[in-house]
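Here is a short report on one protein chain. Keep the structure open as you read, and look up each element as it comes.

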Amino acid sequence: MILENGIVRTLDPSLPISRAVAVAGDRIAGGVGVHETSLASPETIDLEGRCVLPGFTDSHVHFPTWAVAQREVRLDACTSLDETLDRIRAARATLPEGVHLRGFGWRDADWTDGLHPTKEDLDAVTGARPAALISKDYHSLWLNSAALALAGGDLEVDGGVVERDARGEPTGVLREEAAWRFKERHLTIPDDEYLEAMRSGVKLAHTRGVTCVHDKDGWLGAAGLWQRLDEYGGLMLRVWQSVPHETLPSLQALSLRSGIGSQMLRVGYLKVFMDGALGSQTAWMLDGSGVQITSGEELAEIIRAGAEAGWPVAVHAIGDRANREALDAFEQTRDVWQPRGLRQRIEHAQCVAPEDLPRFAELGVAVSAQFSHAPSDRDLAERFWSDKLDGTYAFRSLLDSGAVVANGSDAPIEELDPWSGVVAGVLRTLDGREAWRPEEALTLEQALQATCVAPSWLSHDERIRGTLVPGRLADLVVLDRDPFACEPAELPDVNVVATMVAGRWVHNPPPW
Ligand SMILES: [Zn+2]
C-alpha cells in the first residue's frame, strides 16, 4: 500500500519529510519508491495533501479506569458545590436500581463558594444508594453515608487521611491510602464491566490517533484484562504495562524480566509512589508539607532489587521533595541499573527545585510528563506553589537540559487525547488566556518527539517503531493538515483522520 501526495513527517532526522510512504505487511517499506510503484498493482491512497505522522503514544494512562469513567458522572469544571450536586442528582435519575453511583473529577479548590464536600451534602441528593466520587487528581474520595457504612467504621490506615468534623465523625472525605483501601475493598468493578468498557475505549483511543499506551493500572490487574481483550478479539493497541513494585518477588520467582509478553502487550516496569498530588495538597514538598508515601531510602532499595531482577521503575513524584528524593535514589543506585541499560522514569515531575532540573539528563532518568497539566493546573500551582514556579511544569527546561521527555495524559485526570497534549505543550493555554509561563513552551517538533518517539525509547522499541523510516512497524496517524504549516492558533483545530496499527487501519480506512 502506498500513501502518496501528502506530507509524511517521519520524525527521523535523517529523512524528516517525504511525499509518500509505502506499507508492506505490518512494516514501513520505503519512502518514495521506484520499486513499490513498479509492482503489478500497488494499492495507492491519495492523501490529498494530508499529513502522516508516527502513531501517538499516551505515556501515562490508567486505561481501564479511564474506560470505565466514560460511563460515570463527571464533576470536573464545576465551580460550586451546588453545581456539583446538580450533576450528581441528574446522574442518579438515570441509574438502574441497585447500582452504586460512581463519579470523578470534583475539585473543591475550584468552587468559588468556599465550601468543602461532606457526606451530608451527598446524602441529600443520593438518598440511601451508596455513592463514591473520586477527586480530579485521584487522591481523594468523597463518600455518602451509605458508602461509608460499607466500611463498618474501619477507615484508618497508615499513609491515609480520614477527614473528621468537630465531633470526630468522618466527613465523608478520605485521602491517599485511606481512599485507595476503601476503593479496593468496597468499590470493586467486575472484570466483565472493565472489558466491555476497554473494548469501547480502544476504539475511542484509535479515533484520537493512539497506537500505544503506557498503562499504569497494573494494580487493578490491567495486564490480565488486556490479555483477555486480546484473546476475545485481537488487541490492536500496543501496551507497555506497569505492575506494582510489591509484585517483584512473584516476578522473580517466575524468572520474568521487563518486556515479557507479545508485540502488542508487554509487562515492562514497576510502579512506585513517592507522594500525593497538587490538588489534594499531598505533594511532598521541601518546605516540609505534604504526604510521603515512600522514603528515598525505600525507593533506592526498590530500584536496586528491581534492577537486579531486570526491572526498571516508574516513580510517581509531584512535589519538589519527592522529586529530589527520587533523583537521589536513582543516583545512589546507578552502578546497579545503568550497566543493565534499564530505562528509569519519574512520573509527573511537576514541581522540581531548579537545581534538580539538570539531574534528569545527567542520570539518564526520563521524565514522564503531562503537557496538559500545565495549563489546567496553572491557577492551583500559582496558589500553592507561588514561590516555586521556576521549576514547575518546566518541560522546556527539562528538554533543553537533554532529558528524555515523554508525554501522557494521566487519563482519566485529563482526557486521553495526545493531540490536545501536544497543543497544550506548545501553547501553554487551553482557554484563550495568555500562555502560562511561555518560556516553558515547547516547539511543535519537541512536543511530537515526546508523543511519538521518546515513549518508544522507554519501551526499548526505538529501532522498531516511533518513526516512519523503512523497517519500522507501520503504526501511523493521518492528520487533516500539516501542523507544521499551521499558525499556532490553528493547532487546536487539527483533526485525526485515520489511524493505522501494524499496517491495518483501525480507525476510518480510506477513501476519505
Ligand atoms: Zn497517574
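## Helices H7 and H8

In this predicted model, helix H7 passes helix H8 in a right-handed crossing. H7 covers residues 191–207, and H8 covers residues 222–233. Two packed helices are described by the angle between their axes and the distance between the axes. For H7 and H8, the angle is about 65° and the axes are 10 Å apart.

Which residues of H7 and H8 make the contact? H7 supplies Asp191, Tyr194, Leu195, Met198 and Arg199. H8 supplies Leu225, Arg228 and Leu229. Sort the residues of this contact by class, and you find five nonpolar, three charged and no polar residues.

## Helices H3 and H4

Now turn to helix H3 (residues 81–94) and helix H4 (residues 119–126). Their axes lie 9 Å apart, at an angle of about 35°. H3 and H4 also make a right-handed crossing.

On the H3 side, the contact residues are Leu81, Leu85, Ile88, Arg89 and Arg92. They meet Asp121, Val125 and Thr126 of H4. The contact of H3 with H4 has four nonpolar residues, one polar residue and three charged residues.

## A six-stranded sheet

How many strands form the open sheet, and in what order? There are six, running E3-E2-E7-E23-E24-E25. Their pairing is mixed. Strand E3 (17–18) and strand E25 (504–507) each have a single partner strand, so they stand at the edges, and one side of each has no neighbour in the sheet.

Look at the E3 end. Strand E2 (residues 7–9) runs antiparallel to E3, and two bridges join the pair. Within this pairing, Val8 stands opposite Ser18 in E3.

## Cis peptide bonds and positive phi

Most residues other than glycine have a negative phi, and most peptide bonds are trans. Some places in this chain depart from that pattern.

Take the peptide bonds. Ala411 and Pro412 are joined by a cis bond, with omega about 10°. Pro412 sits in the loop between strand E22 (405–407) and helix H16 (418–427). Another cis bond runs from Pro510 to Pro511, and its omega is near 5°. Pro511 belongs to the segment after E25.

Next, phi. Glu176 is not a glycine, yet its phi is positive, near 50°. This residue is part of strand E14 (residues 170–176). Ser255 is not a glycine either, and its phi is about 60°. Ser255 lies in the loop between helix H9 (248–253) and strand E17 (260–261).

Are Glu176 and Ser255 buried or exposed? Count the other C-beta atoms within 10 Å. Glu176 has 23, so it is buried, because 20 or more count as buried. Ser255 has 9, so it is exposed, because 12 or fewer count as exposed.

## Domains

Finally, step back to the whole chain. The domain assignment gives domain 1 (2–55 + 472–507) and domain 2 (72–186). What separates the centres of domain 1 and domain 2? The distance is 46 Å, taken over C-alpha atoms.

Definitions and conventions: Residues are numbered from 1 along each chain as its sequence is written. This is a predicted model: local features need pLDDT of at least 70, side-chain atom pairs count only at pLDDT 80 or more; totals for chains, interfaces and linings use all residues. Axes are lines fitted to C-alpha atoms, for helices over the stretch in contact, and angles run from 0 to 180 degrees between N-to-C directions. Helices (H or I, at least four residues) and strands (E, at least two) are DSSP runs, numbered from the N terminus. A crossing is left-handed if the near helix is turned anticlockwise from the far one by less than a right angle, and right-handed if clockwise. Two residues are in contact if their C-beta atoms, placed from the backbone, lie within 7 Å. Ala, Val, Leu, Ile, Met, Phe, Trp, Tyr, Cys and Pro count as nonpolar, Asp, Glu, Lys and Arg as charged, and the others, Gly among them, as polar. Two strands pair if DSSP finds at least two bridges between them. Domain bounds come from an automatic or database domain assignment.
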